[in-house]
Every structure is written in C-alpha cells, then in structure tokens.
Amino acid sequence: MLTPQQVDSLFNSLRAMVKSGLSVIFITHKLREVLTLCERITVLRNGKSVITLAREEATEDTFIKAMVGEEMNIGQSLLFAKSGYEAEIAQAGSKELLKVDGLSVEAASEENRAISDWSFTIREGEILGVAGVAGNGQHELAESLMGIRPCKGKIFFDGAELTAWVTRDLLARGIAYVPENRWDDGLLSKATVAQNLILGSHRRLPYSNGLMLNLSAILKRSQELIDEFKIKTESPHALAANLSGGNVQRMMIARAFSQNPKLMIVHNPTQGLDIPSTEFVYNKLLERKRAGMGTLLISENLDELFLMCNRVAAIYRGRIVGVLERGQFDAYRVGRMMSGLEQ
Amino acid sequence: MKQTLISISNTLIPYLVAVAASFLAAGLFIGVMGFDVLKAYETILFSSFRSPGAFAQTLVKFVPLLLQALAFTIPLAAGKFNIGGEGQLIVGAIGAAGVGIVFANLPVYLLLPLVLIAGVVFGALWAALPAWLLYRFGINEILTTVLLNFVSFSLIDYVATEIWRDPAAGHPTTVPIGAGGELPILMERTNLHAGLIIAVLIAVIVYIYTNHTSAGYELIATGANARASRAYGINVRSLFLLSLILGGSVAGLSGAIEVAGVHHRLIEGLQSNFLLLGLIIGLIAKGNHLGVPFVAFFIAVLEIGASAMQRTMNIPGEMVFIVEALILLFILLSDLVRKK
C-alpha cells in the first residue's frame with residue numbers, strides 16, 4: 001500500500017507525465033482517487049461499462065450511483081452519508097474487554113517485523129484500528145492474540161488473564177478471527193461451504209454436542225448464513241474451492257460473525273468486496289458496537305479505519321508509533337507515522 | 001429430492017463409465033489374444049455369485065481389502081499418506097500369531113480377543129514409528145511407511161524360520177496358534193470367518209467417526225487445509241500422528257484376522273497384494289468412507305473372477321489387475337474433465 005503522502009507524489013508524477021504528452025489509464029476501486037486525478041471516468045459494474053463522463057460533467061453522487069447500482073440507499077449509507085452515523089460510531093463503553101501488556105512476538109517471515117513490547121486496551125463497544133504498511137507486525141499481532149503464534153507478555157480478556165494460549169480455548173471464550181490471507185489461513189478449499197462455515201465452532205452448539213455433529217443443524221444454519229451474508233454458492237454442500245475471492249471473504253465474515261464473539265480480530269475484512277458488501281460489513285461492525293462487543297480492526301485502508309474506529313494505532317517497524325483518538329484523525333499525520341517520519 | 005438424485009447420479013455416472021471403458025479396453029486385449037470376450041466378462045463378473053462357496057470366498061477376500069483400504073483412507077482424510085499398510089499387516093499378524101502360539105492353551109473367550117488386540121497394538125506400533133518421525137522431525141511419512149514394509153519382510157522371515165518355525169512345512173511358516181485363537185466360521189463347509197463382521201463393523205465406525213463426529217470433522221478439515229485448520233484451533237500435528245496410528249491399527253487388525261480367520265498360523269506372503277489393492281480401492285472411492293466398502297466388495301468380486309478366469313479359460317489373471325488400474329485411471333481422468 002501507499003501512504004497518503006506517497007499517493008500524492010504518485011499523482012504528481014502522473015500529472016507530470018500527462019503534461020509531457022503521455023496518456024494514462026488509471027484503474028482503481030477508490031472513487032476519491034479517480035475524482036481527484038482523472039479527467040474522464042468510465043464506471044464498470046458486473047463486467048459492463050455503465051457510464052463514461054468527463055469529470056466536470058457530473059457530481060460525485062452520479063459516479064457513486066453508477067458504481068453501486070440501485071440496490072443501495074446512498075442517503076442512508078454508512079459509506080456515503082457518514083455524518084449521520086458519527087455520534088453512534090464515536091461511542092464506546094468504559095469497561096475494558098481486552099488488555100494487552102508488553103506483547104512481544106517474533107517475526108513470521110524475513111519480510112515481516114517482530115513485535116516488541118506492545119501495550120493497548122480495547123473497551124466494550126470499541127473498535128480499535130491498527131494502521132500500517134503490510135509486514136510491520138499486523139500478521140504477528142493477529143496470530144499471537146489468536147494463540148496461533150507463540151508470544152511473550154500478558155493478555156487479559158473479559159476480566160481474566162489468559163494463561164493458556166490455545167486457539168481452541170480462545171474461540172470458546174468468545175474471540176473470533178478473520179485472517180488476512182483468505183486462501184491459506186481461512187479457506188478449506190477441499191471441503192464444502194457448510195464445513196467451512198462451522199470451522200472453529202465445530203465442537204459447540206448448535207453444530208455439535210461436543211461429540212457428534214448435528215448435520216441438520218449445520219445445514220440449516222449454513223443456509224441461513226449463505227442467505228444473510230449473500231454468499232454466492234449452489235448449495236451448502238458445494239465445494240468451497242468453487243467460491244470466488246469475494247465470496248470466500250463473505251464466507252469468512254459470516255463464519256466470524258456467526259460465532260457472535262465478544263471480541264473480533266479482523267484483518268483487512270473488506271478486501272475484494274464490492275461496495276454494497278463493504279457497506280454490509282460496516283453495518284455489521286456497527287451492530288456489534290451497539291451490542292457492546294469489541295473489535296480490533298487491522299487494515300491498510302485508512303478510509304476504512306477513519307470511518308469505523310474509535311482510536312487508531314499507527315505502527316511502523318514492529319512498534320506502535322502513536323495512537324490517535326477519533327476527532328484527531330488526519331490521513332497525512334498517520335501517513336507520516338506509518339512511514340517512520342514522525343516518532 | 002430432485003437435487004439429491006442429481007448429485008447421486010453425478011457421482012455414480014463417472015464410475016459406471018469408467019468401469020465400462022476399462023472392461024472395453026480389457027476386452028480388446030482378450031479378443032486380440034484369441035479368447036472368447038463375452039465369456040471372459042461373464043466369468044470375471046459372475047463367478048462370485050455362482051455358488052455359496054464362491055460367494056464366501058469373495059467375502060473372505062473382501063475383509064483384508066476393506067481393512068487395507070481403510071488403513072490408507074483414514075490418514076488420507078487428514079492429508080497424510082500411509083503406504084505402509086502391508087508392513088503394518090505383517091507386524092500385526094506377527095503379534096497375533098505370537099500371542100496365539102505362546103498362550104495356545106487359553107480358552108477361546110480369552111485367546112481370541114488377545115490375538116485380535118495384539119494385531120491392533122502391533123500394527124499401531126509399526127505405524128507409530130513413522131508417525132512419530134513426522135510429528136517430531138517432520139520426516140515425510142510416505143517414505144518411512146514404505147521403507148518399513150521392507151523391514152517387516154525380514155521380520156516375518158525371522159519369526160517364521162527361526163522363532164516358531166514349523167519344521168514340517170516347506171515354506172517359511174510357524175506352528176499353528178491355539179484353537180482358542182481361531183475366528184469362528186460363519187457358513188458351514190466354507191472358510192467364511194467372523195472377521196467379516198469385525199471388518200464391516202470397523203467400516204461403519206470409521207464412517208461415523210469421519211462424517212458424524214466433531215473429532216472426525218477436524219480430521220477432514222486438516223486434510224482440506226492444515227494451515228487454516230490450525231488457525232481455527234485444530235491441533236493438526238497431533239491429528240497427523242493420530243490418523244497414521246489409527247490407520248496402522250486397522251492394518252494390524254487385518255493381519256490378525258488373516259492369522260485367526262484364514263491361516264491359523266503365520267505364513268510368509270500372507271500379505272498377498274492387499275496393500276496395492278487397498279490403495280486402488282481408497283483412491284477409486286476418493287477417500288469417501290461411505291464408498292470404500294462398496295468399492296472393496298467390487299474389487300473382491302473382480303479378484304475372484306480373475307482367478308476363475310485363469311482356471312477355466314487360461315486367460316492370465318493379471319488382465320483383471322489391468323482392469324482395476326484402468327478404472328482408477330478413468331476415475332481420475334473424469335475429475336480432470338469435470339474441472340475443465
């Protein structure tokens with residue numbers, strides 16, 4: 001990803017290239033960038049060209065409507081009518097749900113950074129964001145909190161210290177996980193969609209009495225989740241390998257939300273999703289907030305973080321550079337923090 | 001309802017096509033060699049059903065084939081390849097024969113269970129070695145399970161020629177086990193033994209385990225994607241270990257059943273070609289534990305038909321092995337075609 005500063009400098013280079021007589025085709029799903037940079041805009045949706053207009057010819061709303069189609073009510077949308085939700089999103093409870101004290105984790109690979117001595121808290125009903133360029137500790141943070149990766153430090157969850165770092169126990173205590181790498185960490189491609197949806201809850205009601213699976217309950221619940229989260233699949237028995245990337249993402253989101261967890265760790269949750277689906281995920285996150293549940297939102301998308309989070313921690317080279325409160329959010333400042341320019 | 005019918009026919013049609021195509025190919029060879037093709041087909045397919053004796057023979061063959069297939073498919077569900085069913089069968093048979101010989105005077109209600117349990121334990125231990133090497137050092141289980149087969153050949157040779165050798169036999173063979181260690185005969189005037197009931201019971205238990213329990217789900221999830229399974233709380237390394245040991249136990253049991261039900265002693269070569277046929281059965285069934293018993297029975301029918309064909313028509317029985325291999329090839333091909 002690029003920091004906002006880097007985006008600006010890319011745009012400046014592109015403008016310079018255009019001035020010198022080159023033509024540029026700029027393809028992105030980020031509407032704001034198109035509107036800032038481009039002179040003529042074509043909107044594609046479902047493989048069809050919807051409109052082509054010069055930038056001055058139309059308002060922002062025209063392009064939004066062309067992108068999302070008629071199915072979304074833009075006036076009620078979290079994404080496009082932010083101010084209506086501001087008060088609600090800014091709220092958070094006072095009770096600590098998760099307290100991390102002196103977390104240190106070794107790097108997952110050579111390209112990644114180790115985490116050293118992180119301390120932070122997440123309150124009930126709070127969404128804490130983590131902003132950073134990929135490979136600066138995000139993967140290590142998520143996996144250590146889920147008990148997948150060994151770590152040092154203390155973690156208190158829901159009033160009790162977690163001493164055993166066993167993923168199965170963490171899931172049972174009410175922590176859910178949406179991993180970043182959906183193909184490697186999230187999808188059982190050789191299993192069915194239903195088998196994928198119960199992963200992690202396969203020893204608990206309603207899917208199991210602890211010993212035997214309840215196949216009819218699994219089928220019923222999977223069909224409900226497929227409908228609610230709009231996973232495009234022939235049936236719960238279809239092979240998960242046939243799902244498209246966006247539908248794998250929906251499946252993982254459905255799996256995590258269906259556990260109704262007290263704490264959710266989500267890593268780039270809206271990657272590969274179209275605008276209505278992204279909006280759907282944000283609404284689901286807002287529902288969790290209303291119910292007093294906590295969320296750790298790790299994302300490379302600053303717009304997403306600024307839209308949904310109460311606080312955003314900027315990280316650089318395995319360190320937390322600073323934590324900004326809602327109201328102080330400033331893309332350029334976070335950009336400086338996550339590129340190491342501001343300590 | 002309509003959906004289920006479609007999915008059933010979608011599963012079965014490739015099998016029917018594969019079987020038909022393999023028979024066609026084999027028929028071509030049989031015809032070129034100058035034999036009566038239709039009579040050969042008839043012999044292969046119906047010999048098993050001509051007399052109660054032939055049917056009993058088929059079922060006796062079915063038992064080790066089914067168990068060898070399961071010894072392969074249980075670890076396969078977790079994504080691990082147990083190619084050591086042969087060695088585990090032999091070592092299980094050694095354990096069973098040893099107990100049957102040493103405690104020959106025990107009554108049947110003690111000796112028979114001991115013989116069978118010895119087979120399970122010895123088979124499990126023989127599989128535990130590669131399983132532990134995989135768990136502890138990450139050593140590829142395909143290599144270690146195959147190599148241990150060769151070790152078991154020397155082991156059975158030693159036991160049958162040195163320890164409990166039957167001096168009267170021309171072939172390396174041990175003295176017989178105690179009468180209390182023999183499996184009861186189910187059908188008079190045949191050699192159909194109660195091992196059939198045990199094998200079917202094991203197949204049912206394995207099916208319930210893999211398809212209807214949470215623990216079995218973890219096995220399947222691990223086979224589908226071990227890394228994701230680990231991220232969602234499944235202890236995949238322990239499951240690798242467990243699945244290989246379970247496979248070894250079933251293979252060891254099949255060795256004990258060969259001793260207690262068929263030979264009543266240890267005979268070098270009692271493993272026959274069960275391993276290879278077990279692998280073929282497991283792969284044709286694509287690891288589906290509902291399908292394994294049916295495929296195993298079908299292969300047993302073909303095997304009995306093959307010997308009948310060799311006996312009555314002088315057509316080499318290996319022709320049937322070609323048919324079996326072709327069925328597997330065509331099944332694998334049909335998967336490729338479907339993916340395209």
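What follows is a list of things to select, with a note on what you'll find at each.

**Before you click**

This is a predicted model, in which local features need pLDDT of at least 70 and side-chain atom pairs count only at pLDDT 80 or more, while totals for chains, interfaces and linings use all residues. Residues are numbered from 1 along each chain as its sequence is written, chains are lettered from A and ligands numbered from 1 in the order in which they are written, and side-chain values use heavy atoms, leaving out hydrogens and water.

**Stop 1: chain A as a whole**

Along its principal axes, the C-alpha trace spans about 70 × 50 × 40 Å. Buried residues make up 51% of the 343 in chain A, where buried means under 20% relative accessible area, exposed over 50%, and partly exposed in between (1.4 Å probe, protein chains only).

**Stop 2: the largest nonpolar core**

A nonpolar core is a set of buried Ala, Val, Leu, Ile, Met, Phe, Trp, Tyr and Cys residues joined through side-chain atoms within 4.5 Å. Select Phe120(A), Leu141(A), Leu70(B) and Ile284(B): they are among the residues with the most contacts inside the largest core, which has 174 residues. Helix H3 of chain B (residues 52-77) gives the most to this core, with 12 residues. Apart from it lies another core, of 19 residues, including Leu31(A) and Val43(A).

Which residues does Leu141(A) touch? Leaving aside residues up to four places away in sequence, Leu141(A) is in contact with Leu103(A), Ile115(A), Trp118(A), Phe120(A), Val130(A), Leu296(A) and Ile298(A). Contact here means heavy atoms within 4.5 Å.

**Stop 3: a buried helix in chain B**

Now colour residues 214-224 of chain B, which form helix H8(B). This helix is mostly covered, with 9 of its 11 residues buried. Tyr217(B), Glu218(B) and Leu219(B) are among the buried ones. The buried residues of H8(B) pack against helices from both chains, including H6 (167-173) of chain A and H10 (236-263) of chain B.

**Stop 4: two loops in chain B**

Go to Pro107(B), in the loop between H4 and H5 of chain B. Pro107(B) counts as partly exposed because its relative accessibility is 31%.

Next, pick Gln271(B), in the loop between H10 and helix H11 (274-284) of chain B. Is Gln271(B) buried or exposed? At 12% relative accessibility, Gln271(B) counts as buried. Beyond residues up to four places away in sequence, Gln271(B) touches Glu86(B), Leu89(B), Ile90(B) and Phe153(B).

**Stop 5**

Zoom in on the peptide bond from Leu205(A) to Pro206(A), which is cis, with omega near 0°. Pro206(A) lies in the loop between H8 and helix H9 (215-228) of chain A.

Then select Asp117(A), in strand S4 (residues 115-123) of chain A. Asp117(A) has a positive phi of about 55° although it is not a glycine, and at 58% relative accessibility it counts as exposed.

Finish at Lys230(A), in the loop between H9 and helix H10 (245-258) of chain A. Phi of Lys230(A) is also positive, near 50°, in a residue other than glycine, and Lys230(A) is exposed, with a relative accessible area of 56%.

Note on methods. Helices (H or I, at least four residues) and strands (E, at least two) are DSSP runs, numbered from the N terminus.
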